[in-house]
Amino acid sequence: MDGAASGDRPVADLRSPRAKQALALFPPSGIVYETLQTLLQQGRWFDANCWTKEAIAQLCQAPKHRRLNPKDIAEVPCADLWIADRLWRTYSQGRFGFGVQRQIWRQCAEQRWDRGMAWVLFGERVGWGYVLNPLSKLVAMEEEAFRWKRETEIVFRANAPVGHLPYIDGIFTVEALAARSDACALP
């Protein structure tokens with residue numbers, strides 16, 4: 001024996017097909033993703049969004065009914081973020097998921113030098129808000145000319161704009177989730 005305890009296994013063993021399959025829905029955090037998978041398979045977008053939001057809050061150890069902040073989101077384990085993203089992407093045919101939102105956020109951030117304006121552009125692209133006066137868009141997109149939708153106005157359908165779901169806490173979490181997605185090397 002090499003001195004390792006009999007239950008210890010090299011990290012490389014976690015890359016085996018059986019280990020990948022087991023970790024696919026049962027990560028070390030203990031959250032079981034079968035419910036999310038079922039909800040997404042059934043096209044129950046609202047319920048899947050609620051489940052995802054609750055799971056993220058639980059992973060952050062955040063109190064219920066409190067907005068998540070960037071420090072909270074930085075604590076989400078990569079395995080959980082990866083699994084939730086993979087499920088959302090798979091069952092939405094690549095339309096929804098944290099990685100999809102990260103890509104859109106990057107594009108918006110690159111196109112606008114001002115962070116507030118990048119938020120507005122992101123909100124418009126994913127359908128979380130709209131321009132109040134279309135003429136203001138021709139001159140210069142202004143934050144005052146944009147209206148954010150309430151959570152009750154979010155569309156929970158497969159034909160919602162690309163990146164529309166999951167809706168965790170609106171624009172306030174997008175940057176943090178994008179940063180965490182980068183740190184976790186989400187596709």
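In this predicted model, in which local features need pLDDT of at least 70, side-chain atom pairs count only at pLDDT 80 or more, and totals for chains, interfaces and linings use all residues, the buried residues of helix 5 are Asp 80, Leu 81, Ile 83, Ala 84, Asp 85, Leu 87, Trp 88 and Arg 89. Buried here means under 20% relative accessible area, with exposed over 50% and partly exposed in between, for a 1.4 Å probe and protein chains only. Residues are numbered from 1 along each chain as its sequence is written, and side-chain values use heavy atoms, with hydrogens and water left out.

**Chain overview**
- The secondary structure comes to 9 helices and 2 strands, where helices (H or I, at least four residues) and strands (E, at least two) are DSSP runs numbered from the N terminus.
- Along the sequence, these elements follow the pattern α-α-α-α-α-α-α-β-α-β-α.
- Of the 187 residues of the chain, 44% count as buried.
- Among contacts (heavy atoms within 4.5 Å) with a separation of 6 or more, 59% are accounted for by residues 24 or more positions apart.

**Helix 3 and helix 5**
- The 14 residues of helix 5 should span 20 Å at 1.5 Å a residue, and its end C-alpha atoms are 20 Å apart, which agrees; the expected span is 1.5 Å times one less than the number of residues.
- Helix 3 has 16 residues and reaches 22 Å from its first C-alpha to its last, close to the 22 Å expected.
- The axes of helix 3 (residues 45–60) and helix 5 (residues 78–91) come within 11 Å and cross at roughly 170 degrees, the axes being lines fitted to C-alpha atoms, for helices over the stretch in contact, with angles from 0 to 180 degrees between N-to-C directions.
- That crossing makes helix 3 roughly antiparallel to helix 5, because angles over 145 degrees count as roughly antiparallel, under 35 as roughly parallel, 65 to 115 as roughly perpendicular and the rest as oblique.
- Helix 3 makes this contact through Trp 45, Ala 48, Asn 49, Thr 52 and Leu 59, while helix 5 contributes Asp 80, Trp 88 and Tyr 91.
- The buried residues of helix 3 include Trp 51, Ala 55 and Ile 56, and what covers its buried residues includes helix 2, helix 4, helix 5 and helix 6.

**Nonpolar core**
- The largest nonpolar core has 47 residues, and those with the most contacts inside it are Tyr 33, Leu 36, Leu 68, Trp 88, Phe 98, Phe 122 and Leu 165; such a core is a set of buried Ala, Val, Leu, Ile, Met, Phe, Trp, Tyr and Cys residues joined through side-chain atoms within 4.5 Å.
- Helix 3 gives the largest share of this core, 8 residues.
- Leu 68 touches Ile 56, Ala 57, Cys 60, Ala 62, Ile 73, Ile 168, Asp 169 and Thr 173, not counting residues up to four places away in sequence.

- Asp 72 lies in helix 4 (residues 70–73) and is buried, with a relative accessible area of 10%.
- Leaving aside residues up to four places away in sequence, Asp 72 touches Cys 60, Ala 62, Arg 66 and Arg 67.
- Arg 157 is found in the loop between strand 2 (146–148) and helix 9, and touches Trp 45 and Phe 96, not counting residues up to four places away in sequence.
- Arg 157 and Trp 45 are 112 residues apart in sequence and 6.2 Å apart in space, C-alpha to C-alpha.
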